[in-house]
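Trainee: I would like to go through this structure by way of its pockets and one of its helices. Can we take it step by step?

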Amino acid sequence: MSPHTSPALVCIVRHGEALHNVQRPYLHRDPPLTEAGTIATSAMKLPSSPDLIIVSPMTRTIQTAINIFPSLRNADEFVAPVQIWPELREANDAMCNKGLSRAEMQSKFPQFDFSECAEEWGYPDHTAWDATARAERVRKRLRALSTTFSSITVISHRGFIAYLVKGRRFNPAESRLYRFSTQAEAQDATVRRGLHCDTLEDHDFGPTLLVLSDVVTMSAQ
């Protein structure tokens, strides 16, 4: 795919309602979507049609992706290329946020490439510092991809999204559209900093910065 000239858009999606959202405490790994979560994500219409889809390596996020884009059930019919990024995992160490091994996920969802994932789920315990650094790595990687892809859909988790972008908490099956900031915006503390919706502390959402877009685009099908 050749580089494009228009500003890239990034649609960030929180997965639909999963078992751990309604069964508390949920003491098992990698919960799937509930029936309500399946219905809600199947009905989602995103604000942009993607030419790249990036997903956290959890059952609930992958199910969300498949429900939004049914063509993802078959690798030969993908609506857009799909990448699985372990850095999109949740920012919380509860058992429900621990995933399965690479082999188990590959067996459940053979149409996707899990090669970026660790063989066994053994990622470091959560710290605010690590989640902040991880969010910046994700933004920088998205920015690099934005020179090639014009519309990127990212499917992740509420806690990690709170480090990734500024604003109120995402509800289950909610999406918001972003663009990369201008240099002036990235240097403006009133744009770059804000209240972290979980910690309720002042937080730096840069230096690579995503800001809400006011662009109106065709809905994803």
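Mentor: The questions below concern a predicted model.

Trainee: Which helix supplies the largest share of the lining of the largest pocket?

Mentor: The largest pocket has a volume of about 320 Å³. Two helices, helix 1 (19-22) and helix 6 (158-164), each give at least two residues to its lining. The largest share, three residues, comes from helix 6.

Trainee: How many residues of the lining of the largest pocket are polar?

Mentor: The lining of the largest pocket has 19 residues, and those nearest its centre are His20, Glu90, Asn92, Asn97 and Arg158. By class, four residues of this lining are nonpolar and six are charged. The polar residues number nine.

Trainee: Which residues that line the second largest pocket are the closest to its centre?

Mentor: The second largest pocket holds about 210 Å³ of space. Its lining is made up of 11 residues. Five of them are nonpolar, three polar and three charged. The closest to the centre are Pro7, Ala8, Arg179, Phe180 and Ser181.

Trainee: Why is helix 3 described as largely enclosed by the rest of the structure?

Mentor: A residue counts as buried when its relative accessible area is under 20%. In helix 3, the buried residues include Thr59, Arg60, Ile62 and Ile68. Helix 3 spans residues 59-68 and is largely enclosed because, of its 10 residues, the number buried is nine.

Technical notes: Residues numbered from 1 in each chain as written. Predicted model: local features only at pLDDT ≥ 70, side-chain atom pairs only at ≥ 80, totals over all residues. Heavy atoms only, no water. 1 Å grid on protein atoms, 1.4 Å probe; cavity = no way out; pocket = protein on both sides within 12 Å on 5 of 7 lines; lining within 4 Å. Points joined across faces, edges and corners; volume = space filled by probe spheres on them. Helix = DSSP H or I, 4+ residues; strand = E, 2+ residues; numbered from the N terminus. Nonpolar A, V, L, I, M, F, W, Y, C, P; charged D, E, K, R; others polar. Buried < 20%, exposed > 50% of the residue type's maximum accessible area, 1.4 Å probe, protein only.
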